[in-house]
Structures are given as structure tokens and as C-alpha cells.
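Biologist: I am new to this one. Please show it to me, and then let us talk about what the terms mean.

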Amino acid sequence: MELDERKLKILQAIIRNYLETGEPVGSRTISKYTDLNLSSATIRNEMSDLEELGYILQPHTSAGRIPSDKGYRLYVDRMMQEKEEQLSQATQEVRELHKLLLEREDKMESVLKQMAKRLAADTNYATMISAPQMRGNKLKFIQLSRVDKGQLLTTIVIEGNVIKNSMIAIDDPLDDEMLWKLNILLNTNLNGMPIEGINLAMISKLKQQAGAYANIVAAVMDAVEAEIKDDEDVEIYTSGANNIFKYPELADNRRASELINTLEEKQLLTELVNETLSDDAGTGIQVYIGNETPVKTMKDCSVVTATYELEEGVRGTIGIIGPRRMDYDKVVHTLKTLKSQLEVIYKKDDGQTSKTDIAYRKDDE
């Protein structure tokens, strides 16, 4: 016989109260414990039905009731079902968020490339824009999902709603209960934890708590570490390298070749981006003149950068590279305008980006 909602709530109240106190539970206690607003007499009748059905027991006459093994089993099965549904819902939400962020990431790449190109055309200098990077990452959520008997999907959600997926091979299949327990273990200990703060002692503790499933915890931690290393690779978009030849002091074969290689290969530009993003002061303008720049091949140049921020901790760099005699006033004004426009474009609800959105507006000069 399937229990109706009222009987289920009364049974759950009896079990929870008994788990807390270890004492038989009476109708008066249940009348205060549930939100059914039932009289003690009505609750007594329902408890009698539950006793006849074998879900609760009366240890002796005039005592309250305690759960039977059958009652415990129903309670645990329903609890596990509810937790599985919650995890399934969370997984679906993560997948939808992942899809949205992938679409946004593709759109962002297109916007940044257009910005770099337009910026070079408007200033007649070389330009660079880095994709947004996470700084001071914190783990928001880890989801283990079963793909098949031999594989788990690890979904890692980092502060700023950056989502990383990784596949983990497992030797033995996991049942629903153990999968749920591992998810609870990981999220209870790691939610809100700065990635840099995850150390060997914490990993050792998690593996110990996971017991026979320590290898899965170790694989999840390896996936987190791999994502940290991936985030160290900065995506940089450049444009206007040929503008270098417009300035005689930069146009000789050696200087021009070094600068163009730097802009095309981009590895050295990572030093510049990392220096600008390591500044905790905020998202201001920085001007490097000659030897001040961290990029050796740009010692004969001036470099002006602006740090844009899409949301807390998610930052990128816009840079303009030109001769020492560049028009600093115009460059600084252009970067401030472009930085503001980029932050507005990213936060647009309709997702539409027009040429006027990304153009540096000359009427602002």
C-alpha cells in the first residue's frame, strides 16, 4: 500500500525525531513537529494505521512509537530518490549553463578579434587583446555523473561560472548511493575553496574519507590541477603588425622582425598580460615607456594597456604598441572608451553585437 502525503510526513517526523532523541515519539510531539496542523487525535489514528502497515512499532503500552526496519527502508529509499533527483536537476542546470557559456565564449572571441582589428585601424599602431582570465579562482561546484559503467564525467564549475569537463576511467561501476556520497564528500569539502589552497594534506584527507574509492577522488583532483595549468595559457588576439613600418625608428629589419614575431607568436606577450593582471589595484591604464616594458623585443616602443573586468575576478588586457612618440592622449582616451564598451557588450542581454558597438567612436575624441 502506497502511503498518502499525510502519512508520509508523519512517518518522516517520527523517524527524524527518534533519530535526534532516541526516545519513542508520541502524537503530541508530532503535532508540533509537522506543518499539517492536525489534532493529536487525528495523528494518533494515522500512527495506528502506520503501525498496522508495519512502518512503526510501539515498544510497550502507552509508549510512543519508534520506526521499524520497514519504516527506515522507506525513509532511506525516498531520501536517496530525492537526492538523486536533486543531483540530476543540478547536472541539467550545469549542462545548460555550459552550453550558454560556450556560446558566449565563441561570441566573445569574435568580438575581441574585431576589437583588435578596429583598434589598429583607428590608432595606426599595433594592438593586442587578451581573452578574459580568472584570477583567484574558487571552486563553486563539482559534479560526478555516470557516463557508462567504466567512465565518469567530472564537471568542475569555477567562480565566474567557468565550466571545465573531464572524463575519468573507473575499474568498477558505482551505484547511485556511492555516486551521491562522493558528490557530497567533494562539495562539502571543496565548495568555495580557492583552487590554490587545495594542498596535499586536504587531498589525503579526502582520499581517506573516500576509502575504497580514493582513486576516484585522486582522479578528480588531477582534473582540477589540469584545469589550473590550462588556465595559465593566455589567449591573445593581435592586429596591426604592419603599422610598425609606418615609423622609421621601428622599421629597420631587426627591430621590425622582432616586433612582428612577438605579435605573431604571442608567447612573449603573455608576460605583459600577466604583469597587468597581477596588479590588484584595479582596472586602470598602465603606460610602459621603452625599457619599462617586460617584453624585451619592445624596448624601443611604448606600450599602453588597460585592464577590463567582465565580472569580479574575470579580467583581460587591451594593449597598444607604438613608438615612444605615440599620441598618448589619444591612446589613453581610446583605451578607456574601448574598455567601457567591452564591459557593456559582454553584459548585454540580447547578445547582439554591431559594428557601432565595437568601434571606437571618433565623436568621443
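Modeller: Let us start with a definition. Buried means under 20% relative accessible area, exposed means over 50%, and partly exposed lies in between (1.4 Å probe, protein chains only). This is a predicted model, where local features need pLDDT of at least 70, side-chain atom pairs count only at pLDDT 80 or more, and totals for chains, interfaces and linings use all residues. Residues are numbered from 1 along each chain as its sequence is written, and side-chain values use heavy atoms, without hydrogens and water.

Biologist: Why is Lys181 called partly exposed?

Modeller: Its relative accessible area is 39%. That value lies between 20% and 50%, so Lys181 is partly exposed. Glu177, at 37%, is partly exposed too.

Biologist: What makes Glu177 and Lys181 a salt bridge?

Modeller: A salt bridge needs a side-chain nitrogen of Lys or Arg within 4 Å of a carboxyl oxygen of Asp or Glu. Here the N to O distance is 3.3 Å, so the pair qualifies. Both residues sit in helix H5 (residues 176-190), 4 residues apart, which means about one helical turn. Helices are DSSP runs of H or I, at least four residues, numbered from the N terminus.

Biologist: How do you know that Glu46 is buried?

Modeller: Its relative accessible area is 5%, under 20%, so Glu46 counts as buried.

Biologist: Which residue forms a salt bridge with Glu46?

Modeller: Arg6 does, with the closest N and O atoms 2.7 Å apart. The pair links distant parts of the chain: Arg6 is in helix H1 (residues 5-21) and Glu46 in helix H3 (residues 40-52), 40 residues apart.

Definitions and conventions
Helices (H or I, at least four residues) and strands (E, at least two) are DSSP runs, numbered from the N terminus.
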